[in-house]
Amino acid sequence: MPSKASSAPRVLYWFRTDLRVTDSPALTRALALKPSTFVPVWCWDPSYIYGHRVGLNRWRFLLESMTGLSDALTELNPQQKLHVVRGRPEQLLPILCRQWGITHVVWEKDSNAYAKERDRKVKEVLAKEGVEVVHEGGRHLYDPDEIIKGNKGKPTMTLHQWQKLAEKLGEDSDWKFHWDKVDFNAEIRTGVDTCFDKLCGPNHDFAVPTMSEMGYAEATTTVRGGTAEAHKCLDNFLADTLHVATFSKPHTAPTSLEPSTTLLSPYMKFGCIGVREIWWGSKKVIEEWKKKGSKGGKETKEPENMFGQLQFRDMYACAEAAGAHFERIRGNGVCRYIDWKLQNQYDEDGNEILPRPKEDEVDEERFLAWKEGRTGFPWIDACMRQLKIQGWIHHLARHSVACFITRGQCYISWERGMEVFDEYLIDWDPASNPGNWMWLSCSAFFSQYFRVYGLESWPLRTDKSGALVRKYCPELKDFPDKYIYAPHKAPVDVQRKASCIIGEQYPFPMLDEHKEKDRCIARIKNAYHLGFHGDSTEVLDGNGNQSLDGFVKKAKVAPASKGKKKA
Ligand SMILES: Cc1cc2nc3c(=O)[nH]c(=O)nc-3n(C[C@H](O)[C@H](O)[C@H](O)COP(=O)(O)OP(=O)(O)OC[C@H]3O[C@@H](n4cnc5c(N)ncnc54)[C@H](O)[C@@H]3O)c2cc1C
């Protein structure tokens, strides 16, 4: 095996969520070392493979993205490919460095809590081997750690605040593995898992694992992974100059059968495309459009335009990176405390109790019906079924289902909803997912809890004929437009003609939309008055709900069930 004697660096590039060869400051930095050897590696980490609940769609997307990266590397150099090694990075990387005489390990820095802890361990073991670690930002527009520094260590809670801080920064700125814990993906494994039988794969070729090696059935989504797909998707978006210049998120349609936004988020999640490619690509197209006289429309501004969308992503990354426990309520200083049903529960030492003890049967059943798309509200059910099948739904569809299960009607903790998204979304992101759930539940970032999405009126705004419902709830496909979002209101003869009797082939609404909305608003109003956050003493010592009850009695605020506030 090679020695470290030659003076030219021997570089191992550790790919993580940057599965591309374009727009990658970390890769540029690795190549700038002028390495005599360059080994691109992916660590197929069992703590992610078994310890994180992930749906089939995200698994396949990831494998395709790894293959896409490997192809892109081979295209640049026919001798090159992505080397997939199977095991934990903190165990494998020192072994590989020794084997291959590696002098430098380079990676793209990530600032979320999980990545930071993993990277700390890896740095520690590599330092013992005398290997130099080089890491470089690039996942976001600005390094979240730098932004937070400018904000005195505090999370960014509004886009305006993030923009001000960004302005200040300026524009430059024994390997064999046996899993002995709970396998979070056991339920979706229908075949035999041979994934970790050999460090470099069954054929000793460092190949990308397959779905069948992991014991999985095929994925269901039509969204395909990889850096080539990502660039195709961006090119399509940029080709429509007027669309780029006039892009306005609130005016896109959650009901559309074809995505009415870019669908770039799964690619951003796995780094199949760089954020600067989208930012500068859009800037260039808009500048050219302006030079030609801005024909066909008026340029949109932040936060509705594409730049605003990318800034929201950074804002959430900074909010996550600055604070503890962004992914839950307890201990989370930015999150308002609301006495949700089915919240995480903790023992006396503050450890989360898993598996969760069953609570109120009605709430458990409502939660399951929501997850499985059988609430009896076709708009919610279509969105949830699309989410499970496709691994992606439109932003405003996410709004609708998240509002419904939390503050809108069900009063179930955003922690539960977030977990379902975590499992089903291809684009799942440790900052954007909890951040948006806190927004939608009015736990942070947004506070207008009296504004609730109508389950019938909201989808009607963009599609009167219910195309998305007809596709994902085929049992309703023959209902007339008039009843498509509320089939239970159809007379029985109409139901018969549509070959779908409500209560038999499709459920009755599981709750009274308006009554539950009023109850939720009254309860949230009480919680807002009390003003606890996830790090308040009453929440940490487990007495948050009792204090809230006491407050309601003392202040003679109407108990939640008798709330009168109308939205
Ligand atoms: C409850 C809830 C959970 C969400 N969970 C995630 C998640 O896990 N991962 C994720 O990437 N997005 C999440 N989002 C944000 C948003 O819905 C998706 O980023 C967007 O729908 C992706 O589709 P697109 O690429 O077509 O978006 P476009 O509208 O084309 O936007 C372009 C890019 O901007 C970024 N972006 C846009 N809006 C947001 C936003 N509100 N927050 C963060 N980034 C944004 C995304 O990277 C997106 O790809 C969530 C939203 C809600 C309401």
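Modeller: W379, I380, C383 and M384 in helix 14 meet A397, S400, V401 and F404 in helix 15, where a contact means that the C-beta atoms of two residues, placed from the backbone, lie within 7 Å, and where helices are DSSP runs (H or I, at least four residues) numbered from the N terminus. This is a predicted model, in which local features need pLDDT of at least 70, side-chain atom pairs count only at pLDDT 80 or more, and totals for chains, interfaces and linings use all residues. Residues are numbered from 1 along each chain as its sequence is written.

By class, the contact of helix 14 with helix 15 has seven nonpolar residues, one polar residue and no charged ones; Ala, Val, Leu, Ile, Met, Phe, Trp, Tyr, Cys and Pro count as nonpolar, Asp, Glu, Lys and Arg as charged, and the others, Gly among them, as polar. The axes of helix 14 (residues 378–390) and helix 15 (residues 395–408) come within 10 Å and cross at roughly 115°, each axis being a line fitted to C-alpha atoms over the stretch in contact, with angles running from 0 to 180 degrees between N-to-C directions.

As for the domains, the assignment, which is automatic or from a database, gives domain 1 (227–322) and domain 2 (361–562). Their contact takes 18 residues from domain 1 and 20 residues from domain 2, and on the side of domain 1 that touches domain 2 the largest share, five residues, comes from helix 12.

Definitions and conventions:
Helices (H or I, at least four residues) and strands (E, at least two) are DSSP runs, numbered from the N terminus.
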